[in-house]
Amino acid sequence: MNKEMRLQMISKLISDHEIKTQEELGQWLHTSGLQVTQATISRDIRELKLIKVPSKDGRLKYSFKIDQDHFISEKLRHKLRDALLGMEVINYFVIIKTLPGHAHAFGALLDSMEISGKAGTICGNDTCLIICRSPEEAVSIKQQIALYQE
């Protein structure tokens, strides 16, 4: 079996099953009639850009990055609905006011997203400050975040 076929098989296994370890992936490949080394599995995981995300039972499983982006988007949508008090733009900054204790969650979610023009975040207890590269990008970032509220 060539590399492309092996990568397709791994992709299908990851899509069809909650695979939590390289060893488990190796067992599934063996069951499918393919003998591979741990080093090959490790390289294939890197090439497919697989990441670990929470599974139904709370443990981590392999997934595709696109699934992670969806997961983060959904968490941000819920956080905006449940804890956002307001947002405003001041020059290079977007200020997000939250219920007490929720600002760090906003910062962590925003830091994990690739948002053009965002330099970083600083969070307190109830305020998350997004530092932007220009005032125009601050307005754009506020608008992008607001889209998650719809």
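Predicted model: local features only at pLDDT ≥ 70, side-chain atom pairs only at ≥ 80, totals over all residues.
**Helix α4: A83**

A83 sits in helix α4, which spans residues 65-83. Its relative accessibility is 1%. Buried means under 20% relative accessible area, so A83 counts as buried. Leaving aside residues up to four places away in sequence, A83 touches K97, T98, L99, H102 and F106. One of these contacts, T98, is 15 residues from A83 in sequence. In space, the C-alpha atoms of A83 and T98 are 5.4 Å apart.

**Helix α3: D44**

D44 belongs to helix α3, residues 38-47. The relative accessible area of D44 is 3%, so D44 is buried as well. Beyond residues up to four places away in sequence, D44 touches R6, L7 and I10. With R6, the side chain of D44 makes a polar contact of 2.5 Å.

The two residues are set out below.

| Residue | Helix | Relative accessible area | Contacts beyond four places in sequence |
|---|---|---|---|
| A83 | α4 (residues 65-83) | 1% | K97, T98, L99, H102, F106 |
| D44 | α3 (residues 38-47) | 3% | R6, L7, I10 |

**Strands β5 and β6**

Strand β5 covers residues 118-123, and strand β6 covers residues 127-132. The two strands run antiparallel. They are joined by 5 bridges. I122 has its bridge partner in β6, namely L129.

Key: Residues numbered from 1 in each chain as written. Heavy atoms only, no water. Pairing = 2+ DSSP bridges. Buried < 20%, exposed > 50% of the residue type's maximum accessible area, 1.4 Å probe, protein only. Contact = heavy atoms within 4.5 Å. Polar contact = N/O pair within 3.5 Å; in protein donor to acceptor, adjacent residues only side chain to side chain.
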